[in-house]
Amino acid sequence: MIEVNNLHKSFGKLKVLKGITEKIEESEVVCVIGPSGSGKSTFLRCLNLLETPTSGDIWIDGEKVTDPKVDINKIREEVGMVFQRFNLFPHMTALKNIALAPMKVRGLPEKEAYDRSRDLLKKVGLEDKADVYPNSLSGGQQQRVAIARALAMRPKVMLFDEPTSALDPEMVGEVLNVMKDLAKEGMTMIVVTHEMGFAREVGNRVLFMDDGIIVEKGTPQEIFYNAQNERTKSFLSKIL
Amino acid sequence: MSLLASYLQHAIAVFPSLLRGAVITIEVTTFAIFFGLILGTIAAFGKLSKRSVFKIPSSIYVDFIRGTPLFVQILIFYYGIPGLINGLTGEVFRIDPIIAGIAVCSINSGAYNAEIVRAGIKSVDRGQMEAARSLGMTERQSMKEVIMPQAVRLIIPPLGNEFIALLKDSSLLAVISVHELSKNGMLYVSKTFAAFPAYISVAFVYLALTMGISRVLNYIERRLGVSDRSE
Ligand SMILES: Nc1ncnc2c1ncn2[C@@H]1O[C@H](COP(=O)(O)OP(=O)(O)OP(=O)(O)O)[C@@H](O)[C@H]1O
Ligand SMILES: [Mg+2]
């Protein structure tokens with residue numbers, strides 16, 4: 001589903017990604033962990049070209065994303081992204097937030113777009129919040145709307161960049177539950193998260209990134225309980 | 001006759017010509033707001049553009065206008081440029097003072113508007129553009145649907161101040177004989193020497209006009225505020 005080959009990304013002189021090679025199968029849920037500044041966000045952002053890779057190749061669903069001739073917007077239609085800080089559109093109701101892209105990008109008629117949005121709100125347990133503006137929603141509710149918004153484009157892959165780390169602890173569960181449901185439905189997901197419970201329950205694999213490379217990877221069991229690499233062990237000892 | 005009574009008489013006598021002047025002032029200001037907004041928006045996007053063909057001319061325009069006095073810009077536009085054309089082609093070139101006034105005020109106001117519009121767009125959180133783009137929306141769609149509606153609310157109040165400044169600054173057009181409010185006051189004084197009552201009357205007419213604009217702007221801000229549930 002996703003193939004990354006020797007991906008490099010620099011910001012000026014700063015080398016952030018130093019050769020990432022990874023293959024992610026359809027319906028796989030891959031969790032990415034690693035210290036701050038190790039390049040986790042940059043890696044995700046390269047996958048939907050919010051950052052332009054410096055070198056290396058990425059294929060998503062057979063499409064070569066890093067081909068200079070590729071239609072970036074077409075790629076992004078297939079790759080949903082959920083941000084740490086939600087980034088809902090504050091001047092639109094929850095429903096409109098979800099319906100906007102299907103209408104503008106996919107050209108869906110208004111009624112259909114709103115019907116789809118209502119279904120998605122229901123799916124994330126917020127059918128009663130359709131006409132509410134983001135600032136009247138709790139963080140957890142905002143993030144669930146943001147997930148619904150990304151799903152409205154019917155993406156083949158979902159990227160999550162620390163979706164729960166801006167949330168109060170009591171709201172983390174509701175967001176993770178939505179993500180678990182999504183995983184069970186077979187969505188291909190890459191999740192930057194330090195939620196070990198989530199990684200263990202639905203994660204197929206865990207990648208540990210440090211200093212711009214994938215230092216170690218394996219099943220959640222292998223990484224969390226039987227890490228081989230010293231850097232992985234020292235990182236885990238800090239977060240556990 | 002007491003001084004006060006004589007001042008009152010002058011104030012009444014000057015009033016009709018001040019009203020005629022006010023009409024010109026409003027006319028010039030309205031056109032300059034309109035064209036200044038267009039110029040300002042273009043220059044703002046020019047300055048925000050990554051491409052230097054748009055960026056450099058926009059920056060030069062904004063810096064030149066903001067770095068020089070309106071008074072001098074008026075002189076350049078009304079006397080300097082026709083003189084230059086005359087020198088180059090040998091033909092006499094005249095420009096209507098009101099047209100010249102509207103043009104200079106538009107160009108001047110456009111530079112200030114550009115900075116206001118640019119600042120408004122830039123102060124919308126970067127994550128908004130990223131979210132819109134990550135959904136597959138084009139840059140243009142994201143601007144129109146997501147960024148501008150949020151930027152407009154930040155832009156309107158300083159833009160309002162700019163309009164008020166423009167209305168007051170249009171008094172400088174007296175120097176090129178545009179018969180606007182101040183010029184008509186000056187003409188009255190040159191005939192009657194009643195400087196105090198005439199210029200006080202001029203000032204009060206400006207005050208009435210700026211208060212009028214403020215009211216309209218407040219109304220617009222309130223209207224926008226109602227639909228704004230984001231803050
Ligand atoms: N647009 C940018 N311009 C310059 N440097 C950047 C940019 N984006 C990220 N960086 C730098 O790249 C490095 C990696 O950043 P990145 O956000 O990918 O790390 P991360 O692993 O997601 O960290 P965190 O856990 O704090 O989110 C950091 O040093 C950061 O300062
Ligand atoms: Mg990050």
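In chain B, the side chains of B:R133 and B:E139 form a salt bridge in which the closest N and O atoms are 3.9 Å apart; a salt bridge here is a side-chain nitrogen of Lys or Arg within 4 Å of a carboxyl oxygen of Asp or Glu. B:R133 is buried, with a relative accessible area of 17%, whereas B:E139 is partly exposed at 42%. A network of salt bridges that share partners joins A:E22, A:E28, A:R205 and A:K217.

The structure is a predicted model, in which local features need pLDDT of at least 70, side-chain atom pairs count only at pLDDT 80 or more, and totals for chains, interfaces and linings use all residues. Residues are numbered from 1 along each chain as its sequence is written, chains are lettered from A and ligands numbered from 1 in the order in which they are written, and side-chain values use heavy atoms, with hydrogens and water left out.

The mean pLDDT of chain A is 92, and 100% of its residues reach 70 or more; pLDDT is the predictor's confidence in each residue, from 0 to 100. Helices (H or I, at least four residues) and strands (E, at least two) are DSSP runs, numbered from the N terminus.

A:E77 lies in helix α2 of chain A and A:R106 in the loop between α3 and α4 (110-123), so the pair ties together parts that are 29 residues apart in sequence. A:E77 is buried, with a relative accessible area of 7%, while A:R106 is partly exposed at 31%. Another salt bridge links B:E145 and A:K104 at 3.3 Å, N to O. B:E145 belongs to helix α6 of chain B and A:K104 to helix α3 of chain A, so this pair joins two chains. B:E145 is buried, with a relative accessible area of 13%, and A:K104 is partly exposed at 34%.

Helix α9 (residues 230-239) of chain A shows how a helix can have two faces. Within it, A:T232, A:F235 and A:L236 are buried. They cover an arc of only 100° around the axis, which puts them on the same side of α9(A); the arc is that of the directions from the helix axis to the C-beta atoms. The face turned away from the buried side of α9(A) carries the exposed residues A:E230, A:S237 and A:K238. On the buried side, the residues pack against β3 (29-33), β9 (205-210), β10 (213-218) and α8 (220-226) of chain A. A:T232 has a relative accessible area of 0%. Leaving aside neighbours within four places in sequence, A:T232 is in contact (heavy atoms within 4.5 Å) with A:F208, A:V215, A:E216, A:I223 and A:A227.

Two loop residues of chain A deserve a look at their backbone angles. Most residues other than glycine have a negative phi. A:L49, although not a glycine, has a positive phi of about 60°. A:L49 sits in the loop between α1 (40-47) and β4 (55-60) of chain A and is buried, with a relative accessible area of 10%. A:F86 likewise is not a glycine and has a positive phi of about 65°. A:F86 lies in the loop between β6 (79-82) and α3 (94-104) of chain A and counts as buried at 11% relative accessibility.

Chain B has 8 helices and 0 strands. Its C-alpha atoms fill a box of roughly 75 × 55 × 20 Å, taken along the principal axes. Of the 231 residues in chain B, 44% are buried. Chain B exposes about 12500 Å², with carbon and sulfur atoms supplying 68% of that area; accessible areas come from the Shrake-Rupley method with a 1.4 Å probe, and for residues only the protein chains shown count as cover.

Note on methods: Buried means under 20% relative accessible area, exposed over 50%, partly exposed in between (1.4 Å probe, protein chains only).
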